[in-house]
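The structure is shown first, and the points follow by topic.

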Amino acid sequence: MNWKKFTLSIISLLLCLFFIFYYSYFKEELYIDGDEIKNVCDARRVFVVDDIRDFTAPLSLLIISPFIFFSLKKSTRCGYLTLITLFLFCLWFWRFFGRFLWCS
């Protein structure tokens with residue numbers, strides 16, 4: 001195992017996680033208490049929310065795209081990098097779109 005490549009991928013993973021969580025968070029999530037506001041859908045419905053996901057979702061995908069590129073590149077392809085990339089893409093989809101699929 002190449003430790004330099006592994007360390008670089010872990011640092012990239014942490015940066016990608018930071019940007020995904022930072023750009024997908026909206027301040028009204030603080031008000032979820034379990035009584036009146038039970039989930040993200042309720043918080044979005046009750047409070048006036050400026051939904052900027054149409055800008056931040058592509059921006060965060062652009063930030064994690066080098067990670068996706070390196071996992072698909074034939075010379076750097078390895079199992080853990082592919083799994084991490086799949087995890088990042090699923091997390092990205094969930095944070096930006098999946099949580100709001102069942103909102104009415």
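A residue is called buried when its relative accessible area is under 20%, exposed when that area is over 50%, and partly exposed in between. By this cut-off Arg95, at 11% relative accessibility, counts as buried. The model is predicted, and the structure holds 1 disulfide.

**Arginines at the end of helix H4 and after it**

- Arg95 lies in helix H4, whereas Arg99 lies in the segment after that helix, which spans 79-96.
- Arg99 also counts as buried, because its relative accessibility is 10%, under the limit of 20%.
- A polar atom of the Arg99 side chain lies 3.2 Å from the backbone oxygen of Arg95.
- Leaving aside residues up to four places away in sequence, Arg95 touches Ile20, Phe21, Ser24, Tyr25, Glu29 and Phe100.
- With the same exclusion of residues up to four places away in sequence, Arg99 touches Ser24, Phe26, Glu29, Val40, Cys41 and Trp94.

**The disulfide**

- Cys41 is joined to Cys103 by a disulfide, with an S to S distance of 1.8 Å.
- The torsion about the S-S bond of Cys41 and Cys103 is about -80°, so the disulfide is left-handed.
- Because Cys41 lies in helix H2 (residues 40-46) and Cys103 in the segment after H4, the pair ties together parts that are 62 residues apart in sequence.
- Cys41 is buried, its relative accessible area being 18%.

- Cys16 is in no disulfide, and the nearest cysteine sulfur, which belongs to Cys90, is 14 Å away.
- Seen from Cys90, the closest cysteine sulfur is that of Cys16, and at 14 Å the separation is too far for a bond, because a disulfide requires sulfur atoms within 2.5 Å.
- Cys16 is buried, with a relative accessible area of 5%, whereas Cys90 is partly exposed at 45%.

**Packing of helix H1 against helix H3**

- Helix H1 (residues 3-24) and helix H3 (residues 53-72) have axes that come within 10 Å and cross at roughly 175°.
- H1 is therefore roughly antiparallel to H3, as angles over 145 degrees are classed in that way.
- On the H1 side the contact involves Ser9, Ser12, Leu13, Cys16, Phe19, Ile20 and Tyr23, which meet Thr56, Leu59, Ser60, Ile63, Ile64 and Phe67 in H3.
- The residues of this contact of H1 with H3 comprise 9 nonpolar, 4 polar and no charged.

**Packing of helix H3 against helix H4**

- The axes of H3 and H4 are 10 Å apart, and the two helices pack at an angle of about 175°.
- This angle makes H3 roughly antiparallel to H4.
- H3 contributes Arg53, Thr56, Ala57, Ser60, Leu61, Ile64, Phe67, Ile68, Phe70 and Ser71, which meet Leu81, Thr82, Ile84, Thr85, Leu88, Phe89, Trp92 and Phe96 in H4.
- The residues of the contact of H3 with H4 comprise 12 nonpolar, 5 polar and 1 charged.
- Thr56, Ser60, Ile64 and Phe67 of H3 are among the residues that meet H1 and among those that meet H4.

Conventions:
Residues are numbered from 1 along each chain as its sequence is written. This is a predicted model: local features need pLDDT of at least 70, side-chain atom pairs count only at pLDDT 80 or more; totals for chains, interfaces and linings use all residues. Side-chain values use heavy atoms; hydrogens and water are left out. Axes are lines fitted to C-alpha atoms, for helices over the stretch in contact, and angles run from 0 to 180 degrees between N-to-C directions. Helices (H or I, at least four residues) and strands (E, at least two) are DSSP runs, numbered from the N terminus. Angles under 35 degrees count as roughly parallel, over 145 as roughly antiparallel, 65 to 115 as roughly perpendicular and the rest as oblique. Contact means heavy atoms within 4.5 Å. Ala, Val, Leu, Ile, Met, Phe, Trp, Tyr, Cys and Pro count as nonpolar, Asp, Glu, Lys and Arg as charged, and the others, Gly among them, as polar. Buried means under 20% relative accessible area, exposed over 50%, partly exposed in between (1.4 Å probe, protein chains only). A polar contact is a pair of N or O atoms within 3.5 Å; within protein, one must be able to donate a hydrogen and the other to accept it, and residues adjacent in sequence count only if both atoms are side-chain atoms.
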